[in-house]
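Subject: Handing over the structure

Hello,

Here is the structure I promised to pass on to you. Please open it beside this email, and then read on for what turned up in it.

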Amino acid sequence: VLHLVLFYENRLQDHHLVIPSVLQGLRALSMCEVLSPGLAVSVLKAIFQEVHVQSLLQLDRHTVYSIITNFMGSREEELKGLGADFTFGFIQVMDGEKDPRNLLVAFQIVRDLIAKDYALGPFVEELFEVTSCYFPIDFTPPPNDPHGIQREDLILSLRAVLASTPQFAEFLLPLLIEKMDSELQSAKLDSLQTLTACCASYGQKELQEFLPSLWSSLRREVFQTASEKVEAECLAALHALSACLSRSVLSPDSEDLLDSFLSSILQDCRHHLCEPDMKLVWPSAKVLQAAAGASLRAYHCLTRSVLPLLLEQYTKHLQSSQRRTILEMLLGFLELQQKWGHVEEDESTLLSLRAPVCSVVFSALTDSSVQLQLVGIRALTVLGSLQGFLIPSDLELVVDHLIHLALREEDSQSSEAAMEAAGSLALIYPKVFCGLMVPRLEEELQSAQGGQSSLGLGCCFTPSALRAVAVSTHTSIVRETVPVLLQHLRKVQKGSEAGSAREMVSVCQSLHCVALQCQQDMEGYWYYHQTVVPCLLAMALQAAMQESTHSLLGKALLEEEVLAAMVPVISAATTHLSPELAAQSVSHVVPLFLDGEVSFLPQNSFPCSFQPFQDGESLEAQRRLVVLLMAFICSLPRNVSWQGGSVERGPDPVPSCPGGAPCTCPFTATAAAKCFAGLVNKHPAGQQLDEILQLAVNRLEPGLAEGPRRRQALTLLLWVRLSL
């Protein structure tokens, strides 16, 4: 190896046509593990002295970079022994490089020089110049480029170099300021993104001299640019500058640059917040929020002045559109406080302004403008999430306002937003919402049914409002709200209004929402299942038996749209049960449909027996309830325990009316087919399942011929096939 190295080093002095082959040999040797100490340095010195790299072809230049990379990876300590001479030698090698393939390798070498702490010596500026000359990258890959190098690859690689060391700051920051003032948007964006990256490694010392110029350029771009991209990058850079100054460690006699920097920002933005036309109010607010969001210290420094000013401006402006703008700005600062979490009272400007802030938010909730109300609801949600901010009297007002908005018939946007806010806050304050909101909503339900609601509403809107509280997964709230919803459903069932079906669907949708939300809490989920499923079954049975006795009470509950709305409720209440709990439920529900066993149902006094699988015209209403069995069966876990031959005794998928005539109700027939398919799906594979399927085929074959039962038979075959 020694002789080969010496041979190749001597050949570097030969004719230039020999050089490419010599470099190939040296690259092979650079990967040799038994290379003697000192030979790596010898090879690089020879290359630095004898080869004019930039006069070589691209491939040969790439070979030189590969040799350097290999030695840096395996002979780091030896190369560091060269001191700054190694850095200077590499600068000579790279100087003038133009090929993108080689630049990617060269940029990586520069990053390694800095990251691995190679000596730069007096060549810091030279190293910066040899790399920064490519900034900003101006490269468009040729069509069908086989190498796949993109402009973004070069941009990111060069940015990593320029932002890798604070030693470049005195040269880089003037360059960035110059390019920020360029007319080219790409140059602006690259400069801003590079400035943001630099702030991660810079400190107060590197930024001090350039802060006024940086702020001037950033301010101009935010206030004057028509490009959302440029504005966003300006705000990101401003955030990064504020964060950089926030984490700088100050000596006792040094100036706090964060304070002076934020003072400059506040001075240039404050008067825009007070302008009557509010022309630059949003850019100013974005600037202030970007700087304030960098650190808790920056947040306190700015909010001491900004929050009182915004509250004052909200009071001065009377138009709803102007108030909405101001409240949205205030909301931005509230969300920043939310980011920092709980703060001690003596440090927080927001806590000292609790009363006026709440007053402004509450006034927005009572404004006639829906858009202002929506912003107020968002602000209220944020305030409620701040630990210790709202006092009990505030919480009472919160509940009152949310109820009022949730029950508003004339605007669905405000109602939905209030419901969502109530759901979020109920999770944080379950006792408050159980104690205040649930009784109030229950009262509204009762008043609405009697036509005496204080809000003048039809009762069809109140179940959705109640759902807003129940979307919380907190078990205590589920236990409070579910009975109220079920009680409301019972009262609607007993009524005879034209809108009863629509009303029942609304309640079922609310119950479904509750079921989805409490699936993660097994205690609340099992309570929900034990409460809701028997209650729905009992009401359905009551309606079906009254139908059989020609009573008009509860007839709406048997309509297809109502039964269809019950299906997702039962399904959502069952699908996440453990096998043990599911088996308990199976032991009640299946005997109900097979044997008419109603003892587990609430209010289980019925005028006749429940026989949904028996023939008879008077039992048609009972047969419709097979859809509820289908919802239950199809949602059970596959490994649930079955008892008593449930599949064999299950629903006839092709039900008949008296005299063998086919059932004329497609809804019932399809539900029965799905239910049978669900039973097959849950049954373990084996001989028993084969016998059940054969039995079903034997009963179906006559119906597959042309005739009134053919469609039902084909429907069953389809669903059974899908279940296997």
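Below are notes on some helices, loops and side chains. Please keep in mind that this is a predicted model.

Let me begin with a pair of packed helices. Two packed helices are described by the angle between their axes and the distance between the axes. Helix H10 covers residues 169-180 and helix H11 covers residues 185-198; they pack at an angle of about 150 degrees, and their axes are 8 Å apart. The crossing in which H10 passes H11 is left-handed. On the H10 side, the contact is made by Leu172, Leu173, Leu176, Lys179 and Met180. H11 brings Ala187, Lys188, Ser191, Leu192, Thr194, Leu195 and Cys198.

Next, have a look at the loop between H9 and H10, where you will find Thr165. Is Thr165 buried or exposed? With a relative accessibility of 4%, Thr165 counts as buried, because the cut-off for that is under 20%. Leaving aside neighbours within four places in sequence, Thr165 is in contact with Ile114 and Tyr202. The C-alpha atom of Thr165 is separated by 9.9 Å from that of Ala200, which is 35 residues away along the chain.

Helix H8 holds Ser132. This serine is buried too, with a relative accessible area of 6%. Not counting residues up to four places away in sequence, Ser132 touches Leu162 and Leu175.

The loops on either side of H8 have their own details. In the loop between helix H8 (124-132) and helix H9 (151-162) lies Pro136. A cis peptide bond joins Phe135 to Pro136, with omega at about -10 degrees. In the loop between helix H7 (100-115) and H8 sits Asp117. Phi of Asp117 is positive, near 60 degrees, in a residue other than glycine. Asp117 has a relative accessible area of 63% and is therefore exposed, the cut-off being over 50%.

Now for the rings. How many aromatic pairs does a search of the whole structure find? There are eight. One of them is formed by Phe593 and Phe610, in an edge-to-face arrangement with 5.4 Å from centre to centre and 70 degrees between the planes. This pair links distant parts of the chain, 17 residues apart: Phe593 belongs to helix H30 (residues 579-595), while Phe610 is in the loop between H30 and helix H31 (620-623). Phe593 is buried at 2% relative accessibility, and Phe610 is buried at 4%.

There is also a ring cluster, in which ring pairs link Phe48, Phe86 and Tyr118.

Finally, please take a look at Arg61, which is in helix H4 (residues 58-74). Arg61 is a buried arginine, with a relative accessible area of 10%. What does Arg61 touch, not counting residues up to four places away in sequence? The list is Val53, Gln54, Leu56, Glu97, Asp99 and Asn102.

Enjoy exploring, and do write back with any questions.

Best wishes

Note on methods: Residues are numbered from 1 along each chain as its sequence is written. This is a predicted model: local features need pLDDT of at least 70, side-chain atom pairs count only at pLDDT 80 or more; totals for chains, interfaces and linings use all residues. Side-chain values use heavy atoms; hydrogens and water are left out. Helices (H or I, at least four residues) and strands (E, at least two) are DSSP runs, numbered from the N terminus. Buried means under 20% relative accessible area, exposed over 50%, partly exposed in between (1.4 Å probe, protein chains only). Rings of Phe, Tyr and Trp (its six-membered ring) pair if their centres lie within 6.5 Å; planes under 30 degrees apart count as stacked, over 60 as edge-to-face and the rest as tilted. Axes are lines fitted to C-alpha atoms, for helices over the stretch in contact, and angles run from 0 to 180 degrees between N-to-C directions. A crossing is left-handed if the near helix is turned anticlockwise from the far one by less than a right angle, and right-handed if clockwise. Contact means heavy atoms within 4.5 Å.
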